[in-house]
Amino acid sequence: MTPLGRIIAARIAAAGPIGLADYMAESLLHPEHGYYTTRDPLGAAGDFTTAPEISQMFGEMIGLCLAQSWVDQGSPAPFTLAELGPGRGTLMADIARTIRAVPGMAEAARIRLVEASPTLRARQAESLAGDAPQWRDRVEDLPDAPLFLVANEFFDALPIRQFERHEDGWAERQIAVDGDQLAFGLARPARIGALDHRLSDTEPGEIVEVCPALPAIAGEIAMRIADRGGMALVIDYGGWRSRGDTFQALKGHAPVDPLAEPGLADLTAHVDFEALSTAFTEAGAAATGMTPQGVFLERLGITQRAQALARKLAGGALDSHIAAHRRLTHPEEMGQLFKAIACHPVGGPVPPGLDEVPCHDDGHSHP
Ligand code: SAH
């Protein structure tokens, strides 16, 4: 067992099995041994790669989307330019560079980064050295000002709970100790009011996932946008309404057993875009439809941008540029699994690239 595995096992031995959310929170953000606390997990030498690390074009398209939305709302100044879980700071650096082309926008932007990991805060400080970023622990700590926010692969890192459908109730999936290993178990089935509406669209044996922190975080953002203007763009893998077990661990770019090495592997789950949309609208803002990443980037002009950049490239650099464009947009790569959704003021202009009307049919393959 890893050092963190031993800590978790001791806790289970003392107080009984824990839910997946507790396990995920400890594994990712334990102050001493947490996965994000102790490392920069991104890139070829790390465990996974994200869209902004694949190509500058991703951040450029998001910068354009934020810029158009800022102009459409009357260019409010000053405003908060925020990111949740900025990783290496690459996405925000690409956004900051892109918005310099828009008169007044960079000068009006106050960059605020919500980041839990001290290691990654240091990395972000390097990437954004010229942009005077400030860090915040939580969304609640963002300034009271118009808010333009982006979150790429942030919500998938939030702890989830899993429930297995039984005849007329739900058994929570738990983590127990079996010999000298962590192992999955099930709590006794119970009726769970918050899942009553899922009794009609699931069969016994199926798993549904709930992200307890999502409504508060998305709701807090939406409340500020409804009140002060702005928009929030969330991009992640997932679909409309959680269905099936999507809890997964990645290490060295390959799937691993999520219980084998807590603290040493990335843990994620698919994001439920229906839950995001509900949190946005319940807080008094509007939600766009959920839009596949490939469609979203194409509408913002990624192919024209790719062609312009290609003119300056040759040989291996050109090949990898073409591969990066394909990876971001093609339905068999990130184009369909990843989705975008935005939150904006009710009755205001819909941010560019996103479907206006909620679309529930996501072509999302449920395991
Ligand atoms: N958005 C980046 C990185 C994604 S990895 C990119 O696209 O490359 C997830 C990021 O979220 C990391 O920066 C991680 O440290 C941060 N994170 C995870 N859980 C968090 C939490 N509860 N609060 C704040 N940041 C968190």
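Predicted model: local features only at pLDDT ≥ 70, side-chain atom pairs only at ≥ 80, totals over all residues.

User: How many salt bridges does a search of the whole structure find?

Analyst: The search returns 23 salt bridges. One of them pairs Arg198 with Asp201, whose closest N and O atoms are 2.9 Å apart.

User: Is Arg198 buried or exposed?

Analyst: Arg198 is buried, since its relative accessible area is 5% and the cut-off for buried is under 20%.

User: Which residue does Arg224 pair with?

Analyst: Arg224 forms a salt bridge with Glu220, with 3.1 Å between the closest N and O atoms. The two residues belong to helix H9 (residues 214-228) and are 4 residues apart, so about one helical turn separates them. Both Arg224 and Glu220 are buried.

User: And Arg241, what is its partner?

Analyst: The partner is Glu274, and the closest N and O atoms of this salt bridge are 2.9 Å apart. Because Arg241 sits in the loop between strand S10 (230-239) and strand S11 (248-251) while Glu274 is in helix H10 (residues 273-282), the pair ties together parts that are 33 residues apart in sequence. Arg241 is partly exposed, at 26% relative accessible area, whereas Glu274 is buried, at 18%.

User: Which residues do salt bridges with shared partners join into one network?

Analyst: Asp40, Glu53, Arg88 and Arg123 are joined in that way.

User: Let us turn to packing. At what angle do H5 and H6 cross?

Analyst: Helix H5 (residues 56-72) and helix H6 (residues 90-99) cross at roughly 55°, and their axes come within 8 Å. The two helices are therefore oblique to each other, and their crossing is right-handed.

User: Which residues of H5 and H6 meet?

Analyst: On the H5 side they are Gln56, Phe58, Gly59, Glu60, Ile62, Gly63, Leu64, Leu66 and Ala67. On the H6 side they are Leu91, Asp94, Ile95, Arg97, Thr98 and Ile99. By class, the contact of H5 with H6 has 8 nonpolar, 4 polar and 3 charged residues.

User: How many residues of H6 are buried?

Analyst: H6 is mostly covered, with 7 of its 10 residues buried. Those residues are Leu91, Met92, Asp94, Ile95, Ala96, Thr98 and Ile99.

User: What covers the buried residues of H6?

Analyst: The cover includes helix H4 (51-54), H5, S2, helix H7 (105-108), strand S3 (109-114) and S5.

User: And H1 with H2: at what angle do they pack?

Analyst: Helix H1 (residues 3-15) and helix H2 (residues 20-29) pack at about 150°, and their axes are 10 Å apart. The crossing of H1 and H2 is right-handed. H1 contributes Leu4, Ile8 and Arg11 to the contact, and H2 contributes Asp22, Tyr23, Glu26 and Ser27. The contact of H1 with H2 divides into 3 nonpolar, 1 polar and 3 charged residues.

User: On to the backbone. Which residues does a cis peptide bond join?

Analyst: Ala77 and Pro78 are joined by a cis peptide bond, with omega about -5°. Pro78 is in the loop between H5 and strand S2 (79-84).

User: What is the phi of Ala132?

Analyst: Ala132 has a positive phi of about 50° although it is not a glycine. Ala132 lies in the loop between helix H8 (118-127) and strand S4 (134-136). With a relative accessibility of 59%, Ala132 counts as exposed.

User: Glu153 as well: is it buried or exposed?

Analyst: Glu153 counts as buried, at 14% relative accessibility. Its phi is positive too, at about 50°. Glu153 belongs to the loop between strand S5 (147-152) and strand S6 (161-165).

User: One last residue. Where is Glu261?

Analyst: Glu261 is in the loop between strand S12 (254-256) and strand S13 (266-268). Glu261 counts as partly exposed, at 28% relative accessibility. The C-alpha atoms of Glu261 and Pro3 are separated by 9.1 Å, although these residues are 258 residues apart along the chain. Leaving aside neighbours within four places in sequence, Glu261 is in contact with Thr2 and Lys251.

Definitions and conventions
Residues numbered from 1 in each chain as written. Heavy atoms only, no water. Salt bridge = Lys/Arg side-chain N within 4 Å of Asp/Glu carboxyl O. Buried < 20%, exposed > 50% of the residue type's maximum accessible area, 1.4 Å probe, protein only. Axes fitted to C-alpha atoms, helices over the stretch in contact; angles between N-to-C directions. Parallel < 35°, antiparallel > 145°, perpendicular 65-115°, else oblique. Left-handed = near helix turned anticlockwise from the far one by under 90°. Contact = heavy atoms within 4.5 Å. Nonpolar A, V, L, I, M, F, W, Y, C, P; charged D, E, K, R; others polar.
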